[in-house]
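Thanks for making time this morning.

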Amino acid sequence: MDDKNLMQNLLLLEKGVCDLYMHGAVESGTQNVHLAFNSAFTDSLSMQNEIYSKMTEKGWYTQKQVDQNKIDTLKTQYSSFSQS
């Protein structure tokens, strides 16, 4: 396994951990449990961002630019849902 694959796997795992912590915070029954999950969620988001940043620096995680017309079309489409 090369470095790129390792980082991709770490990013996927960290995203999964974020999901679990977020649901734990939402479903927690007490303030102490909520705070514990929320703190872990924040830390996990930070780690996910660090992994993403390192991958971006190395050119392993690229984003393609979207045409502004497509964004405007989607905004219009979805804003009509919220007004219904």
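This is a predicted model: local features need pLDDT of at least 70, side-chain atom pairs count only at pLDDT 80 or more; totals for chains, interfaces and linings use all residues.

With a relative accessibility of 37%, L10 counts as partly exposed, and together with M1 and L6 it makes a nonpolar surface patch of about 330 Å².

Let me move on to helix α2, which takes in residues 31-57 and is where S44 is found. Is S44 buried or exposed, given its relative accessibility? The value is 1%, and because the cut-off for buried is under 20%, S44 counts as buried. If we leave aside its neighbours within four places in sequence, S44 is in contact with E14, V17, C18 and Y21.

H34 also has its place in helix α2, but its relative accessibility is 28%, so that H34 counts as partly exposed. Not counting residues up to four places away in sequence, H34 touches A25 and S28.

Now to the aromatic side chains, where a search of the whole structure finds 2 aromatic pairs. In the pair formed by Y52 and Y61, the ring centres are 5.0 Å apart and the planes stand at 85°, so this pair is edge-to-face. As for the accessibility of the two partners, Y52 is partly exposed with a relative accessible area of 22%, and Y61 counts as partly exposed at 29%.

Finally, the chain as a whole. Its secondary structure comes to 3 helices and 0 strands, and the elements run α-α-α from the N terminus on. The radius of gyration is 18 Å, whereas a compact globule of 84 residues would have one near 12 Å, and along its principal axes the C-alpha trace spans about 45 × 45 × 15 Å. Buried residues make up 12% of the 84 residues, and the accessible surface of the chain comes to about 6800 Å², of which 55% belongs to carbon and sulfur atoms. What share of the contacts between residues at least 6 apart in sequence join residues at least 24 apart? For this chain that share is 61%.

I will stop there and take questions.

Key. Residues are numbered from 1 along each chain as its sequence is written. Side-chain values use heavy atoms; hydrogens and water are left out. Helices (H or I, at least four residues) and strands (E, at least two) are DSSP runs, numbered from the N terminus. Buried means under 20% relative accessible area, exposed over 50%, partly exposed in between (1.4 Å probe, protein chains only). Contact means heavy atoms within 4.5 Å. Rings of Phe, Tyr and Trp (its six-membered ring) pair if their centres lie within 6.5 Å; planes under 30 degrees apart count as stacked, over 60 as edge-to-face and the rest as tilted. Patches are made of residues with over 30% relative accessible area and no salt bridge: like charges are joined within 9 Å, nonpolar side chains (Val, Leu, Ile, Met, Phe, Trp, Tyr) within 5 Å. Accessible areas come from the Shrake-Rupley method with a 1.4 Å probe; for residues, only the protein chains shown count as cover. A salt bridge is a side-chain nitrogen of Lys or Arg within 4 Å of a carboxyl oxygen of Asp or Glu. The radius of gyration is taken over C-alpha atoms; the globule rule is 2.2 Å times the number of residues to the power 0.38.
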